[in-house]
Amino acid sequence: QVQLVESGGGLVQTGGSLRLSCAASGRTFSSYAMGWFRQAPGKEREFVARLTWNGSTYYSDSVKGRFTISRDNAKSTVYLQMNNLKPEDTAVYYCAAARQRFSNDLADWGQGTQVTVSS
């Protein structure tokens, strides 16, 4: 089973930027879909972005145009570049990975990293 470790969260002011990283280990990295989800206090976990095994990207409407998901297969790492952050982006951000190659079904999860955007 893959191990996923997120980093890069923190406190930022409205309009600022952060880049989250998710390092994967325990198996090969390429050909696996990766994604980011988030959970705000009192709310359910929601989809943020997905990078399919063949390189297509998908975003929630709330982050489209502000966030960018990317990957570095040589480093077994997926990134989430977050620009123009808003207070409503405050949440714990979770990295997710597909359990099978060439599948876009995200089933394995990291422990999360806190992002707080102050107004």
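The tour goes from strands to a disulfide, then to charged side chains and aromatic rings.

**Before you start**

This is a predicted model, where local features need pLDDT of at least 70, side-chain atom pairs count only at pLDDT 80 or more, and totals for chains, interfaces and linings use all residues. Residues are numbered from 1 along each chain as its sequence is written, and side-chain values use heavy atoms, with hydrogens and water left out.

**Stop 1: an open sheet**

Switch to a cartoon view. Strands here are DSSP runs (E, at least two residues), numbered from the N terminus, and two strands pair if DSSP finds at least two bridges between them. Strands of a sheet pair through backbone hydrogen bonds, either parallel or antiparallel.

In which order do the four strands of the open sheet come? The order is β1-β3-β8-β7, with antiparallel pairing. Select β1 (3-7) and β7 (67-72): these strands stand at the edges with a single partner strand each, so one side of each has no neighbour in the sheet. On average, neighbouring strands of this sheet are turned by 15° against each other, direction ignored; the axes behind this angle are lines fitted to C-alpha atoms, and angles in general run from 0 to 180 degrees between N-to-C directions.

Click on Glu6 and look across to β3, where its bridge partner is Cys22.

**Stop 2: the disulfide**

A disulfide is a covalent bond between the sulfur atoms of two cysteines; here the test is a pair of cysteine sulfur atoms within 2.5 Å. A search of the whole structure finds one, and it joins Cys22 to Cys95, with 2.1 Å from S to S. Cys22 lies in strand β3 and Cys95 in strand β9 (residues 91-98), so the pair ties together parts that are 73 residues apart in sequence. The torsion about the S-S bond of Cys22 and Cys95 is about -80°, so this disulfide is left-handed.

Are these two cysteines buried or exposed? Both Cys22 and Cys95 are buried (buried means under 20% relative accessible area, exposed over 50%, partly exposed in between, with a 1.4 Å probe and protein chains only).

**Stop 3: two hairpins**

Select β4 (residues 34-39) and β5 (residues 46-51), which run antiparallel and are joined by five bridges. Together β4 and β5 form a hairpin with six residues between them, and Gly42 in the turn has a positive phi of about 75°. Find Trp36, which stands opposite Ala49 in β5.

Ala49 also leads onward: its bridge partner in β6 is Tyr59. Strand β6 (residues 57-59) runs antiparallel to β5, and three bridges join them. Here β5 and β6 form a hairpin with five residues between them, and Gly55 in the turn has a positive phi of about 100°.

**Stop 4: a network of charges**

Next, display Arg38, Glu46, Arg66 and Asp89, which are linked in a network of salt bridges. A salt bridge is a side-chain nitrogen of Lys or Arg within 4 Å of a carboxyl oxygen of Asp or Glu.

- Arg38 and Glu46 form a salt bridge, with the closest N and O atoms 2.6 Å apart.
- Arg38 and Asp89 meet in a salt bridge at 2.9 Å, N to O.

Asp89 lies in the loop between β8 (77-82) and β9, and Arg38 in strand β4, so the pair ties together parts that are 51 residues apart in sequence. Colour by accessibility if you can: Arg38 counts as buried at 5% relative accessibility, whereas Glu46 is partly exposed at 37%.

**Stop 5: a cluster of rings**

Finally, select Phe37, Phe47 and Trp109, which ring pairs link into a cluster. Rings of Phe, Tyr and Trp (its six-membered ring) pair if their centres lie within 6.5 Å; planes under 30 degrees apart count as stacked, over 60 as edge-to-face and the rest as tilted. The count comes to three aromatic pairs. The rings of Phe37 and Phe47 have centres 5.7 Å apart and planes at 75°, so this pair is edge-to-face. Phe37 is buried, with a relative accessible area of 16%, while Phe47 counts as partly exposed at 25%. Phe37 and Trp109 form another edge-to-face pair, 4.9 Å centre to centre with 65° between the planes.
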